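Welcome, and please open your viewer so that we can walk through this model together.

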Amino acid sequence: MKIIHTGDIHLGAAMRTLPPDKARLRGAEIVDTFRVLCSYARGNGIGAVLIAGDLFDENGVHKSLVAEIFSIISSAQPVCFFYITGNHDDGLALDGVVIPQNLYVFSKNRGWQSYDLPEGITVTGIDGKYLTPDSYFSLRLRTERFNIVMLHGEAVGTERTGKDQLALPRLQNKNIDYLALGHIHIPTMQAERLDGRGKYRYCGCLEGRGFDECGKRGFFLLDIRGGQLYTENFVSIAKREAVVCTADISACNSYYDVERTALSALSGVSAGSMVKLVLRGRHRADLRKDIPMLTGRLSQSYFFIKIVDESRIFIDYAQYKNDLSERGEFVREVGRYEMSEEERSEILEVGLKALAGEEIDL
Ligand SMILES: [Mn+2]
């Protein structure tokens with residue numbers, strides 16, 4: 001049987017890294033990607049989809065979004081969906097919402113709940129809000145089954161846990177074959193060993209939403225045959241990626257150079273990505289960087305670009321030693337005060353710009 005492990009989709013998230021219009025578009029795209037996952041499942045004979053928590057970004061998401069997602073799930077029949085809530089959606093109100101026949105939720109009782117699937121596979125889970133330190137003791141799994149356990153939280157190697165943490169030692173030797181985790185948004189490409197029998201992994205989020213979620217995102221496709229995990233593949237259906245790049249503009253003499261350096265730093269980035277470009281280095285004092293222009297020009301190639309200018313000017317003090325102009329006097333004056341080099345170069349940059357009559361953005 002083929003099973004998809006996904007989670008942390010955070011539907012309905014505000015995505016404050018993006019400007020409001022792009023955030024709305026991106027929100028719609030994530031719903032689209034979930035739709036793609038569901039039709040992939042239906043079209044590829046997937047038996048079950050595991051949603052390891054945080055399907056929704058908050059308990060207060062609009063009812064119409066919940067209804068839309070549940071109708072997408074319903075139309076993916078005969079695929080079965082198993083959904084545990086996470087720390088973001090553990091209070092999601094389901095009253096008045098029709099739960100599709102093929103969606104299995106874990107909140108019918110406060111303890112563990114198990115569902116037997118064909119081919120000797122059992123899916124067991126507990127809703128985020130009911131997971132307590134005592135839950136570990138009551139987990140009972142039959143040794144002859146292929147046991148998948150779904151949990152949401154940060155896996156730690158200690159028995160004692162804090163908020164939203166999972167005690168891995170308390171999950172060992174419990175007959176778990178595959179621990180399908182949610183909460184950490186980075187996919188565990190190579191599943192980790194849980195104990196002599198089982199493995200565990202995070203599926204990561206389905207789509208990157210901000211610059212703390214850079215790189216490939218997707219879901220895991222498990223193929224379980226004869227009670228064994230036969231293959232496990234990462235499948236990316238994400239519409240776009242969040243990328244952070246750095247460009248060193250130390251050697252630039254003009255705006256044109258800055259733009260060329262930026263473009264070469266972005267050469268491997270696919271069009272349509274969400275990009276954060278960090279400018280670094282120490283450049284000549286009269287370099288025109290024109291960040292608004294650069295942002296405008298690069299915006300045409302990417303879904304969203306944010307430029308963070310961490311570059312500073314390079315000052316050759318000897319050059320200003322005998323300079324009788326205002327510039328020379330200013331540089332010498334700033335050189336006299338005690339401050340960090342970082343601070344000094346920031347003051348010099350702003351001051352020299354002001355003296356040159358350029359626009360200053362503070
Ligand atoms: Mn979470």
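**First stop: an arginine in a loop**

Select Arg-145, which is found in the loop between β6 (121-125) and β7 (146-152); helices (H or I, at least four residues) and strands (E, at least two) are DSSP runs, numbered from the N terminus. Before going on, note that this is a predicted model, in which local features need pLDDT of at least 70 and side-chain atom pairs count only at pLDDT 80 or more, while totals for chains, interfaces and linings use all residues. Residues are numbered from 1 along each chain as its sequence is written, and side-chain values use heavy atoms, with hydrogens and water left out.

Is Arg-145 buried or exposed? Arg-145 counts as buried because its relative accessibility is 17%; buried means under 20% relative accessible area, exposed over 50%, and partly exposed in between (1.4 Å probe, protein chains only). Now show the contacts of Arg-145, meaning heavy atoms within 4.5 Å. Leaving out residues up to four places away in sequence, Arg-145 touches Asp-116, Leu-117, Gly-120, Ile-121, Thr-122, Asp-177 and Arg-197. Look too for a polar atom of the Arg-145 side chain that lies 3.3 Å from the backbone oxygen of Leu-117.

**The manganese site**

Next, select the manganese ion. Which residues are its protein donors? They are Asp-54 (OD), Asn-87 (OD1), His-152 (NE2) and His-183 (ND1), lying 2.1 to 2.5 Å from the ion. Donors here are N, O and S atoms within 2.8 Å of the metal (3.2 Å for Na, K and Ca); water is not among the atoms, so sites may look incomplete. Along the sequence, the spacing of the donor residues reads D-x32-N-x64-H-x30-H. Asp-54 lies in the loop between β2 and α2 and His-183 in the loop between β10 (178-182) and β11 (192-193), so this pair ties together parts that are 129 residues apart in sequence. Both Asp-54 and His-183 are buried.

**Into the nonpolar core**

A nonpolar core is a set of buried Ala, Val, Leu, Ile, Met, Phe, Trp, Tyr and Cys residues joined through side-chain atoms within 4.5 Å. The largest nonpolar core has 43 residues, and Leu-11, Phe-34, Leu-55, Phe-56, Ile-69 and Phe-81 touch the most other members. Colour α1 (20-43), β2 (46-52), α2 (63-74), β3 (80-84), β4 (103-105) and β13 (219-225), each of which supplies at least two residues of this core. α1 gives the most, with seven residues.

Zoom in on Phe-34: beyond residues up to four places away in sequence, Phe-34 touches Ile-9, Ile-51, Leu-55, Ile-69, Ile-72, Ile-73, Phe-81 and Leu-206. Leu-206 is buried, with a relative accessible area of 0%. Its contacts outside four places in sequence include Thr-6, Asp-8, Leu-37, Phe-219 and Ile-237.

**Two domains**

Colour domain 1 (2-235) and domain 2 (242-355); such bounds come from an automatic or database domain assignment. Taken over C-alpha atoms, the domain centres are 44 Å apart. The contact takes 14 residues from domain 1 and nine residues from domain 2.

Select helix α7 (residues 341-355), whose 15 residues reach 21 Å from first C-alpha to last. Its buried residues are Arg-344, Ser-345, Leu-348, Glu-349, Gly-351 and Leu-352. They pack against β17 (282-283), β19 (312-313), α5 (317-320) and α6 (326-336).

Move to helix α3 (residues 255-265), where Tyr-255, Asp-257, Val-258, Glu-259 and Ala-262 are buried. Their cover includes β15 (242-248), β16 (274-280) and α4.

Most residues other than glycine have a negative phi, and most peptide bonds are trans. Select Gln-77 and Pro-78: the peptide bond between them is cis, with omega near 15°. Pro-78 has its place in the loop between α2 and β3. Asn-175 has a positive phi, near 70°, and lies in the loop between β9 (165-167) and β10. End at Asp-290, where phi is also positive, near 45°; Asp-290 lies in the loop between β17 and α4 (291-299) and counts as partly exposed because its relative accessibility is 27%.

Conventions
A polar contact is a pair of N or O atoms within 3.5 Å; within protein, one must be able to donate a hydrogen and the other to accept it, and residues adjacent in sequence count only if both atoms are side-chain atoms. The expected span of a helix is 1.5 Å times one less than its number of residues.
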